[in-house]
Every structure is written in C-alpha cells, then in structure tokens.
Amino acid sequence: MNKSLPDDNNQVLKSTELTAIIGREKLDLLADVVGREGWLDYRKEYDAAANLEVVTDYPLQIDFELNASCNLRCPMCPISAESPKGKGKSTWFSLDLYKQIVSDGVKRGLRAIKLNYVNEPLIRDDLHDFIRFARENGVIDVYLSTNGMLMTPKVINKLIEAGLTRIQISIDAHSAEVYDQVRPGGDLYKVQKNVEKLMAIRKERSSVTPLVRVNFVRTELNEGQLPEFVAYWKDRVDMIGIQEFVKPPKASGKLISRTTEHKRVRGFRCSFPFKQLVITNEQNILPCCTFWGEHIKLAKCETPESVALAWNNDKMKQLRRVHESGEYWRIETCRQCVEGGLVT
C-alpha cells in the first residue's frame, strides 16, 4: 500500500529537530496535572531553547541512561552490536547519585527528565523509584521511551502510581513482517496489546498520565508503511512521533533513509546543545541524545556540580556556535550524525 500522507504529517523535520509529532497539542493536557503556570512557563522556555533563541544557565532536561542493556537487537541501534554480557546490575546507574543531581538541578532550572538513552529502561525493576523521586522533588516532566515488550499490567500500574507524565513506545512498523526486520526479538502483536492495555488501565484509573506516544523511525525498510501506521494509531493513542533516522556509529545492519535529505537541504540546526544533556550509565556527560553523542564526551559526572560545568564548557559553546550558524558539517561528528543516513 503506497499512500501519501497529508501535508501536515509529511513535514518530517523542523529545521532544528529530528522528530515530527502528530498530536503535539495534547502535551498541554499535562498543565492540569503538574500545575498550569509551571507547565506553561516550562514549555515556553523549552520552545525558545528548541528554536535556538536562548541558552539557559542549566539544561532544561537531562536524559539518564539507567542501564546499558536492551532486550531487543534492532539493526538501527548501536546497543544491538554489543554483547549484553557483563552488563547486569553492577553497571546500573546509582539512585543516590541520581537523587543528588536531581535535587541540585531543580534549584538551577532543571525541568524535565528522560529516563533512558539508547537502552531499554523497563529492564530496571526499581524504575518507579527514579520517577517518584523526580516528581516529588520539583521535576515537571518525567518521561521515557521503551520498546513496549516489558510493559505488563504490574509495570503499567507502577509507572502511573509513580507519576510518569509521558511514555513513548518505539514500534516502527505496521506489519509483523516489517516489524520483525526492524525490531528482531520483539513481537508486534504483543506490543500492540500492551499499548491497548496501557490505555485501558489509564482509563480505569481515571488518569490523564502518562500521555502515550508511538514512534516510527523512517528507514528504507519501513517508510512505505508510514501512512498505514499513522492511520492505525491516530485514534488509539495520544501522539505519533515520526523520527528521522540517525545512522549509529556501530550498528548490526546497514540501513539508510531516503527522507533524511531534508536535514541538509532545509538548513538543519541542531537544538540539543541548547536544551539538554545526557548522563550515561558510566557517568559520561554527553551533549545530545543521538547515537553520536558518545563521541563528544564533555566530562565525567562525579558530583552534581559536574553537570553545570559541562553545560557551560568550551565544547558546548562551540557546538552552539556551529549549529546557530547552520554549519553543522564543521564538526565531523555532527556531520556524520546528520548525513550518515543519507542516500549517496
């Protein structure tokens, strides 16, 4: 089936972001959950940073990689190229250090936390403790991305009770045949049922949260299914994310995307250095949440102060200058990130 999307859905990439969101306006439903004034102030500041209009004193968002493992082996993900052996609980990010960073960060302007990087966060059975601490200590928006395979009713209830504001389920296909190629080890039918169960439990509990988004990363394997994917999910969940493919430095498959040419011809300027940092399970501080972020390590996160220092160090300032000018190619790592998935 080869339908074209409506014009508003086909605008895959803003000039400063890698994801288009259908239903983005539903984010403001969270205003009545977390406090209207605080939510609107946060979103105003976030939008300004996303448009490269301001540089805040402290990152508005921190992404925490709480574990370095995943239960799938997706060809577009670098974690699939590495053995999970030796990546058990001994490599899990410390809850104590997390609490210190969050407590210090909220005082400095931290507003949002994403509880994963390229890993699967639901592997951690204490994930709800991280969510609850952040929400109870002033973080407005606490969310995560998952492949949805581990989203049991017990897990769903814990996430809701802890105060998770948003959840993003990465699916990337409409048919089981394509899903099996892009998400080896997963089960499309099971994930669909898990999402349905999430929506049902949320309704049973009369809860607005977590808002639910399903994601579709466009590659040559799946992009023909995007219209069907949108049609299937548009009335089943709150939002749909259509993401540009970022080719990882290490991957188990040779993938390209025919859509990422938009990044080059539309004058791409990356907003990540203006709004967030990533802290990996090894306590490395990275400037962005793409696979290439690990090639620009800013510092080690040894104390909460490390975050503020990294946010304002010379590497971050250079990244901002380069992207503000629209000359991402001047930094080779950024060029690889933006152009690595292009058809040549």
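Guide: A cavity here is a set of grid points where a 1.4 Å probe fits but cannot get out, and its lining residues have an atom within 4 Å of a point. The model is predicted.

Visitor: Which residues lie nearest the centre of the second largest cavity?

Guide: The lining of this cavity consists of 17 residues. By class, 13 are nonpolar, four are polar and none is charged. Those nearest the centre are Cys-270, Cys-288, His-323, Cys-334 and Cys-337.

Visitor: Which helix gives the largest share of that lining?

Guide: At least two lining residues each come from α11 (272-275), α13 (314-324) and α14 (332-339). The largest share is four residues, and the helix that supplies them is α14.

Visitor: How are α4 and α5 oriented: roughly parallel or roughly antiparallel?

Guide: Helix α4 covers residues 95-108 and helix α5 residues 127-136, and their axes are 10 Å apart. The packing angle is about 20°. Angles under 35 degrees count as roughly parallel, so α4 and α5 are roughly parallel.

Visitor: How many residues of the contact of α4 with α5 are charged?

Guide: From α4, the contact uses Leu-95, Tyr-98, Lys-99, Val-102 and Ser-103, and from α5, Asp-129, Phe-130, Phe-133 and Ala-134. Six of the contact residues are nonpolar and one is polar, while the number charged is two.

Terms used: Residues are numbered from 1 along each chain as its sequence is written. This is a predicted model: local features need pLDDT of at least 70, side-chain atom pairs count only at pLDDT 80 or more; totals for chains, interfaces and linings use all residues. Side-chain values use heavy atoms; hydrogens and water are left out. On a 1 Å grid over the protein atoms alone, a cavity is a set of points where a 1.4 Å probe fits but cannot get out, and a pocket is an open set with protein on both sides within 12 Å along at least five of seven lines; lining residues have an atom within 4 Å of a point. Ala, Val, Leu, Ile, Met, Phe, Trp, Tyr, Cys and Pro count as nonpolar, Asp, Glu, Lys and Arg as charged, and the others, Gly among them, as polar. Axes are lines fitted to C-alpha atoms, for helices over the stretch in contact, and angles run from 0 to 180 degrees between N-to-C directions. Angles under 35 degrees count as roughly parallel, over 145 as roughly antiparallel, 65 to 115 as roughly perpendicular and the rest as oblique. Contact means heavy atoms within 4.5 Å.
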